[in-house]
Amino acid sequence: MLKKHKYFFGVSLTLLFFAIDWISKHYLAKVTINHTITIIPNFFNLVYVQNTGVAFGFLAHLSGIYRFIFLIAISAIVVIIAFYFMFEENTSKTLFIGLTMLAGGALGNLYDRIVHGYVLDFFDFYIKTYHYPAFNFADSFITVGILLILYDKISKKN
C-alpha cells in the first residue's frame with residue numbers, strides 16, 4: 001500500500017471507530033439517561049453510567065484535576081504510539097487494524113473526558129446479581145485492538 005494511501009486509510013479507520021463511539025454515546029445518552037433498557041432479560045441491559053475513573057472506574061477516587069491530567073496524558077500517549085506504529089514501513093494488516101481500533105477508541109474516550117469530564121458507559125452484561133462493569137464501543141475497540149496487536153506479535157514469533 002502506498003504510504004499516502006496507507007496514511008489516509010489509517011486516519012479514516014481511526015475516525016470511523018471514533019464516530020461509531022461518539023454517535024452511539026450521543027444517541028444512547030438520550031434514551032438511557034433515566035431508564036434501564038432490557039435487551040436480553042437476565043443477561044444484557046443498556047444503562048447510563050458516568051465513568052470518572054479509568055477502565056471500570058479504576059482511579060475514580062483521585063481528586064478531579066489529578067485524575068483528569070492522568071487520563072488525558074495516558075490517552076494522548078496511546079494515540080501517539082498507535083499513530084507512530086500504524087505508519088511503520090512493515091506494518092501487517094492485523095497490526096494496522098488493531099492500532100486503528102486502539103487509536104479510535106482512545107480518541108472516543110479522550111473526547112468524552114475533555115468535553116464532559118467523564119466517559120459514558122452503557123453496555124451492562126450480567127448474570128443474576130453479578131454485573132460486569134459497564135462499558136462502551138470505545139472500550140470494545142481498545143480491547144479488540146490490543147488483542148489484535150498481541151495476536152500479531154505472538155504469531156510472528158512462531
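Visitor: In what do the side chains of Asp 152 and Lys 156 meet?

Guide: In a salt bridge, with 3.4 Å from N to O. The term asks for a side-chain nitrogen of Lys or Arg within 4 Å of a carboxyl oxygen of Asp or Glu. This is a predicted model, where local features need pLDDT of at least 70 and side-chain atom pairs count only at pLDDT 80 or more, while totals for chains, interfaces and linings use all residues. Residues are numbered from 1 along each chain as its sequence is written, and side-chain values use heavy atoms, leaving out hydrogens and water.

Visitor: Where do Asp 152 and Lys 156 sit?

Guide: Both are in helix α4, four residues apart, so about one helical turn separates them. Helices (H or I, at least four residues) and strands (E, at least two) are DSSP runs, numbered from the N terminus.

Visitor: Is Asp 152 buried or exposed?

Guide: Buried means under 20% relative accessible area, exposed over 50%, and partly exposed in between (1.4 Å probe, protein chains only). Asp 152 has a relative accessible area of 3%, so Asp 152 is buried. Lys 156 has 47%, so Lys 156 is partly exposed.

Visitor: How many salt bridges does the count come to?

Guide: Three. Look next at Asp 21 and Lys 25, whose side chains meet at 2.7 Å, N to O. Both lie in helix α1, four residues apart, which is about one turn. Lys 25 also meets Asp 112 in a salt bridge, at 2.6 Å, N to O. Asp 112 lies in helix α3 and Lys 25 in helix α1, so this pair ties together parts that are 87 residues apart in sequence.

Visitor: Which residues are linked in a network of salt bridges?

Guide: Asp 21, Lys 25 and Asp 112. Asp 21 counts as buried because its relative accessibility is 1%. Lys 25 counts as buried too, at 4%. Asp 112 is also buried.

Visitor: Which residues touch the most other members of the largest nonpolar core?

Guide: A nonpolar core is a set of buried Ala, Val, Leu, Ile, Met, Phe, Trp, Tyr and Cys residues joined through side-chain atoms within 4.5 Å. Here the largest core has 14 residues, and Phe 17, Met 86, Phe 96, Leu 99 and Ile 149 touch the most other members. Helices α1, α2, α3 and α4 (137-157) each supply at least two of its residues. α3 gives the most, with six residues. Another core of seven residues lies apart from it, including Leu 28, Phe 44, Leu 120 and Phe 123.

Visitor: What does Leu 99 touch?

Guide: Contact means heavy atoms within 4.5 Å. Leaving aside residues up to four places away in sequence, Leu 99 touches Ala 82, Phe 85, Met 86 and Ile 149.

Visitor: Which residues form the nonpolar patch on the surface?

Guide: Such patches take nonpolar side chains (Val, Leu, Ile, Met, Phe, Trp, Tyr) within 5 Å, from residues with over 30% relative accessible area and no salt bridge; like charges are joined within 9 Å. Here they are Trp 22, Ile 23, Ile 65, Tyr 66, Phe 68, Ile 69, Tyr 111, Ile 114 and Val 115, with about 890 Å² of accessible area together. Areas come from the Shrake-Rupley method with a 1.4 Å probe, and for residues only the protein chains shown count as cover. α1 (3-32), α2 (64-86) and α3 (93-115) each give two or more residues. α2 gives the most, with four. Ile 65 is found in α2, and at 51% relative accessibility Ile 65 counts as exposed.

Visitor: Where is confidence lowest?

Guide: Confidence here is pLDDT, the predictor's score for each residue, from 0 to 100. It is lowest in α2, at a mean of 77, and highest in strand β1 (residues 37-40), at 96. The protein averages 86, and 89% of the residues score at least 70. Where pLDDT is low, the predicted coordinates should not be read in detail.
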